[in-house]
2 protein chains.
Amino acid sequence: MNDVLPKPDHKYNAVAERIEALIEKNVLKVGDKLLSVRALSKEQGISLSTAFQAYYLLESKGLVEARPQSGYYVKYSPEHVLDLPRTSEPPDDALPVTIDDMINSVYVDLNSRTLLNFSMAAPAIELLPTAKLNKAVTHVLRESKTSCLHYEHIQGNVALRKQIARQAFNWGGTPSENDIVVTAGCVEALSLCIKAITNPGDAIAIESPTYFAIFQVMQSHGLKVVEIPTDPVLGLDIDYLEQAIPRFNIKACLVVSNFNNPLGSCMPDDRKKRLVDMLAKKEIPLIEDDIYGELYFGKTRPKTCKSFDKKGLVLHCASFSKSLAPGYRIGWTIPGKFKDKVIRLKRMHTVSTNTLAQAAVADFLSKGRFELHLRHLRKALHTQALRYVQAVCEYFPEDTCISRPQGGFTLWIEMNKKINAYKLHKRALKHNIGIAPGQIFSSQGRFENCFRISYGEPWNPKIEEGLKTLGKLMREWR
Amino acid sequence: MNDVLPKPDHKYNAVAERIEALIEKNVLKVGDKLLSVRALSKEQGISLSTAFQAYYLLESKGLVEARPQSGYYVKYSPEHVLDLPRTSEPPDDALPVTIDDMINSVYVDLNSRTLLNFSMAAPAIELLPTAKLNKAVTHVLRESKTSCLHYEHIQGNVALRKQIARQAFNWGGTPSENDIVVTAGCVEALSLCIKAITNPGDAIAIESPTYFAIFQVMQSHGLKVVEIPTDPVLGLDIDYLEQAIPRFNIKACLVVSNFNNPLGSCMPDDRKKRLVDMLAKKEIPLIEDDIYGELYFGKTRPKTCKSFDKKGLVLHCASFSKSLAPGYRIGWTIPGKFKDKVIRLKRMHTVSTNTLAQAAVADFLSKGRFELHLRHLRKALHTQALRYVQAVCEYFPEDTCISRPQGGFTLWIEMNKKINAYKLHKRALKHNIGIAPGQIFSSQGRFENCFRISYGEPWNPKIEEGLKTLGKLMREWR
C-alpha cells in the first residue's frame, strides 16, 4: 500500500489542498464543474500528470467526481453534511457499571469472521506495513542470542522504551526510557494505572460516552463512575467536572484526550492544560488514554495532557495496536509518580510482556519506518473518514446526526429517538452487518438511539452496500 | 543439545539404570570400584562403546567418577545425602499478605544480568529448541494472511487450544478446545482465576511455603491467606485443610500439585483425588497450578487434580514458560464452570494474547516436536538436579536439610536456625550470587532459615564455585 498512496509533499498535493479549501468554504459548490485537467495544468503551471493526480486525490476523498466525457465536478459540500450530535447529558450521579451483560452479548454476536464489521475500531490489515514488520521479526530472531526466548525485563525492552521516549517528542513529552513501562496492550496499561490509583468503591470521572472496555475495567476494579457531559468536538466539560469532584468525592479522572472513541472529540490543547492544572490543584491523578493521538488528519499532532503535567499526576497510556500491530499486544504507560506501583502490579498480573514482539517493534522504529508508515496511514484514514461520512449523509435519514472526527477510527451516529440501537444491531446482524450499539458506551445503558461505526476498512462497494442497508433499516423503522 | 543427549530407549540406558538402582539400594557403596568397561561389555553382552556410554551417563548424573588409570568408582550414595526439610508449621490463622516490600527488594537485587543467578526457576536457554521455534515463527508469518497482525480471539488461537487439549491426555484430562482459555503466561491465568472465584477480603488456602508471585496475586486481589502445613514429599496436609475450611470460612484453595515451587513436593495421585472429592463436597473451587507437571524425572507424568474433577470446580492453570518459551508469555487455564467469567475478565485486563507467539507454539506442537523436546529437557533437568544436590551435600554444613524433588526446577534448603536467609542473600550478592531467601515464600516473612535455589542452568565450574561459596558463607556464619 505504501507505494500507491501519494507522498504528502508533492506538488499535486498542494494544488488539491487549495481546491479542497475552496469546497470547504463553499466557494466551489456541489455540482460546480471544475477546470479541465488541461486548463488546470496551464493555469497553475504544473504538468498534465500533476493536474490529474490532484483531481485523483480529491476523487479518492469523495470531494469531486469524474463524469464520463464531461470532466470533474464538485460532489461534496459541507452544507450537505448532517448535524453534529449534541453534548451528552449523563445522569448527575456516581454509579456502578451495569452493562457487562450487554457488552458480552454484543461481543458474542460480533465474533464471526464473515461479518461486515463496522464495530472494530482498528485499522484494516492492508493498511499496515506487514512486510517490513516481518523483516523486523526475522531480523531480531537472528540477532538475539536467545532467539528472544528469555524473560524480558518487567518494565520492558530498553531499546523499545527509548524509541517510545523519542516518539513522545511529537506530543510535547520529554520522558526518558526509565519513565516508561511496557504493557500487553493499552487495556493492560489502563487496568494497571486504575488499580494503582484507586480502591474498590472509589468514584472516578470519565467522559460520556466512553469506550466500553474502559467501563469493564472500572467494573472489574469495583469502581463507581461519574460520567461527565462531553462535547463531540471539544471534549469533556471541565467546569462540570470541577463541581462534581467534591460532590461525588471523585478520586481520579480518565480521559481519551485525542480523537476519543466513540465520539471523535479532541480536547484543544489549552483545555488540556486547564484540565491538568485544575486537577493538580486538588492532587487528583488523571489517566490519559492517548491511543489515537498519532492518527490525526490535520497538520500537526495534538499535544497530550501529559505534556502539561508538572506534578507527575498524569498517567499517560497508549499502544501500537491502533497504529502498527494489533496482534502484537504492545502498549505502554508513562505513569509519573505512580511508576513503582505500576511495575509492582504488572509483576503481579502478567509479569513481563512478550519478548519477541517488543524487540521487533523496537527494531522497526529504530529504522525510522514508523514515521513514514504513520504518514501513509493518516492519509488513508482521513480519506476513508470523508468517504464514510459522505455515505452516511447520503444513505441515513435526514434527522440523523453524525460526529466529525479529525483523527482516529470512529464515527458516532445519533438517530431519531424512536430507533433503539441495540435492536438495530440485532436486525443488522441478520444482514450480516456489525455495529456497536450506543448502550454499551454508558454505565447505565443510555445512548439508546446512538451507535458507533469504524472506518478502519478502506472504502469498497461492500461497505457502501452495508451503509445503504443500515440506512434502509433506519428509514423503515417500526 | 538435542543431538548430544542420549536417546532414552538405547541399550546403554537400560544398563545404566540397573547400575543406578544398585547404588540407590546401597548394594554398590561409595568408593566401590565398578567393573572395567571391557568386563562390563563381556558380562552384559554389549559392545565396548555401549558400556562406555552407560558409564558416561552415570558420570553425567554425578553417580560415578572416573579415576585416571584406574577405572570407574561409585561417587554418590543415598546415605551421604542431607536430611529432608521438615513439614512446615505455618500460623493457624487467616492473614493478609505483608511481604510485598521484601519481594520487591529481592527482585531489584536480582535484576543484574551478570549475576550467577540461582534464584530463577526457569530453564537455561540452551536447553530450549531455539532453532525449531524460530522456524515455527517464520513459517507462521509466511502462512498467515495477516502476518499475525490481527487480534486473536480472546479465548485464544483455536489450533493452539486443540494442541493443549491433546497434551492434556498425558495428565488424564479430556478437555476440548472450547474448555481452554489462552493467557499471557501462567501468572495471568492464576490472576484471572482467583479474581473469578473470590471477592476482596475472602480467605484462600495455600501450601506453605508458596511461590512468592502467588502471594503477590493474592495481595493484589485483597485476599487473606490460610497457609496449610505441607510435606516436602507428599504435599499439602488434607486433614488440616478440611478442619481449617469452616474455621476460617475458606472460599477457595490453590495448590501447585506437581513439583511445587519451592518445595518440590508432588501430591500422590490418590491424595489429589481425596483433595478434589473433599472440596467438591463443600462446593469449594480449587485452582491447580500445574506449570511444572510435564517436567517429571520418573517414568510417567503425574496426574492432575483436574483429572479427578467431576463438578467443574477445578481451575487448571499452566504455561509453556517453564518447558518451551519463557519470553513468549503463553499460558492457559481450563477453568471448568468458571470459563465464561474468566473470558470476561481476560477481556477486561489484557484482551487477547499475542497472535504470533500463539501461532508459533501451535505450529511447533502440531509437528510433534514438543514431546521429543520434553524428553530431552526432563533428562537434562534430572541430571542437573542430581549434580546440584550432590554439590549441596558436599559443600553445605552437615546440619543443612534439602528437598529431593522428582521434577521441576527448585531445591529447598533449610539451614541451621541461627542463619538468616535474607542476610545470607545480601551477603551472597556481594559475591555476585543470587538466591531466593525463604522469607518471601510465606505471607508473614517466616522461613527465615530457608532459601530456594534453581537448577535450571546446566552444571559448570562456575556453578560449583558458587555453591562452594554459599556453603562457606553458611559455615562461617556469625
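## Salt bridges across the contact

A salt bridge is a side-chain nitrogen of Lys or Arg within 4 Å of a carboxyl oxygen of Asp or Glu. B:Arg344 forms one with A:Asp101, and their closest N and O atoms are 3.1 Å apart. The pair qualifies because 3.1 Å falls within the 4 Å cut-off. Between chain A and chain B the count is two salt bridges. The model is predicted.

Polar contacts also link the chains. Between chain A and chain B, 26 residue pairs are in polar contact, with both residues at pLDDT 80 or more.

## What chain A brings to the interface

Several helices of chain A each supply at least two residues to the side that touches chain B. They are H4 (100-109), H5 (130-143), H7 (185-197), H8 (212-220), H11 (339-349) and H12 (355-366). H5(A) gives the largest share of that side, six residues. By class, the side of chain A that touches chain B holds 24 nonpolar, 22 polar and ten charged residues.

## Extent of the interface

The size of an interface is often given as the accessible area lost when the parts come together. Here chain A and chain B bury about 4800 Å² between them. Carbon and sulfur atoms account for 56% of that area. In chain A, the residues that lose the most area to chain B are A:Leu149, A:Tyr151 and A:Met348. Together they make up 18% of what that side buries.

In residue terms, the contact takes 56 residues from chain A and 56 residues from chain B.

## A buried serine at the contact

A:Ser147 sits in the loop between H5 and helix H6 (158-167) of chain A. Its relative accessibility is 8%, so A:Ser147 counts as buried. Leaving aside residues up to four places away in sequence, A:Ser147 touches A:Leu141, B:Thr130 and B:Asn134.

## A partly exposed aspartate in chain B

B:Asp239 belongs to helix H9 (residues 238-248) of chain B. B:Asp239 counts as partly exposed because its relative accessibility is 45%. B:Met278 is 39 residues apart from B:Asp239 along the chain. The C-alpha atoms of these two residues are separated by 9.7 Å.

## An open sheet in chain A

Chain A has an open sheet of four strands, in the order S13-S14-S17-S16, with antiparallel pairing. Strand S13 (401-402) and strand S16 (436-437) are the edge strands, and each pairs on one side only.

S16(A) pairs with strand S17 (residues 450-454) of chain A in the antiparallel sense, over two bridges. A:Pro437 has A:Phe451 as its bridge partner in S17(A).

Definitions and conventions:
Residues are numbered from 1 along each chain as its sequence is written. Chains are lettered from A and ligands numbered from 1 in the order in which they are written. This is a predicted model: local features need pLDDT of at least 70, side-chain atom pairs count only at pLDDT 80 or more; totals for chains, interfaces and linings use all residues. Side-chain values use heavy atoms; hydrogens and water are left out. Contact means heavy atoms within 4.5 Å. Buried area is the accessible area (1.4 Å probe) that two parts lose on being put together, summed over both. A polar contact is a pair of N or O atoms within 3.5 Å; within protein, one must be able to donate a hydrogen and the other to accept it, and residues adjacent in sequence count only if both atoms are side-chain atoms. Ala, Val, Leu, Ile, Met, Phe, Trp, Tyr, Cys and Pro count as nonpolar, Asp, Glu, Lys and Arg as charged, and the others, Gly among them, as polar. Buried means under 20% relative accessible area, exposed over 50%, partly exposed in between (1.4 Å probe, protein chains only). Two strands pair if DSSP finds at least two bridges between them.
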